[in-house]
Amino acid sequence: MPVLEQRLRGRGTEKEESIQKRLAQARLELDYSKTPEAHDLIIVNDDLEKAYTELEEFVFKKKTQEQDAKDEGAAGVSVED
């Protein structure tokens, strides 16, 4: 939180009221992030390549699982002209 506040103040573009609102919202979001099962995946973006790989693997794994479920649902269904 101190880093966010430092960045907001360092810009010199925000009024005090706006800074306080943004910090309050950030606190709410950080609190929510600790809610069990609130997220399917948490990626820490401290290494761009690693973060991208984690995201890509998650997205394509999920996409493959959804397609597999669709395929299973369509099993035995025939299409006639």
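Residues count as buried under 20% relative accessible area, as exposed over 50% and as partly exposed in between, with a 1.4 Å probe and protein chains only. At 28% relative accessibility, Glu-5 therefore counts as partly exposed. The structure is a predicted model, in which local features need pLDDT of at least 70 and side-chain atom pairs count only at pLDDT 80 or more, while totals for chains, interfaces and linings use all residues. Residues are numbered from 1 along each chain as its sequence is written, and side-chain values use heavy atoms, with hydrogens and water left out.

**Overall architecture**

- The protein has three helices and zero strands, where helices (H or I, at least four residues) and strands (E, at least two) are DSSP runs numbered from the N terminus.
- Along the sequence, these elements follow the pattern α-α-α.
- Of the 81 residues of the protein, 6% count as buried.
- The protein exposes about 7500 Å², of which carbon and sulfur atoms supply 52%; accessible areas come from the Shrake-Rupley method with a 1.4 Å probe, and for residues only the protein chains shown count as cover.

**Packing of α1 and α2**

- Two packed helices are described by the angle between their axes and the distance between the axes.
- Helix α1 (residues 2-11) contains Leu-4, and α1 packs with helix α2 (residues 16-33) at an angle of about 155°, their axes being 11 Å apart.
- Axes are lines fitted to C-alpha atoms, for helices over the stretch in contact, and angles run from 0 to 180 degrees between N-to-C directions.
- Helices α1 and α2 are therefore roughly antiparallel to each other, since angles under 35 degrees count as roughly parallel, over 145 as roughly antiparallel, 65 to 115 as roughly perpendicular and the rest as oblique.

**Salt bridges**

- The count comes to five salt bridges, each defined as a side-chain nitrogen of Lys or Arg within 4 Å of a carboxyl oxygen of Asp or Glu.
- One of them joins the side chains of Glu-5 and Arg-9 at 3.0 Å, N to O; because these residues lie four apart in helix α1, about one helical turn separates them.
- Arg-9 also forms a salt bridge with Glu-16, with the closest N and O atoms 2.7 Å apart.
- Arg-9 is partly exposed at 36% relative accessibility, and Glu-16 is partly exposed at 42%.
- Glu-17 and Lys-21 form a salt bridge whose closest N and O atoms are 3.5 Å apart; being four residues apart in helix α2, the two are separated by about one helical turn.
- Glu-17 is exposed, with a relative accessible area of 56%, and Lys-21 is exposed, with 55%.

**Nonpolar surface patch**

- Met-1, Leu-4 and Leu-30 form a nonpolar patch on the surface, with about 230 Å² of accessible area together.
- Patches are made of residues with over 30% relative accessible area and no salt bridge, like charges being joined within 9 Å and nonpolar side chains (Val, Leu, Ile, Met, Phe, Trp, Tyr) within 5 Å.
- Leu-4 counts as partly exposed, at 31% relative accessibility.

**Phe-58 in α3**

- Phe-58 lies in helix α3 (residues 48-73) and is partly exposed, with a relative accessible area of 26%.
- The C-alpha atoms of Phe-58 and Leu-41 are separated by 7.9 Å, the two residues being 17 apart along the chain.
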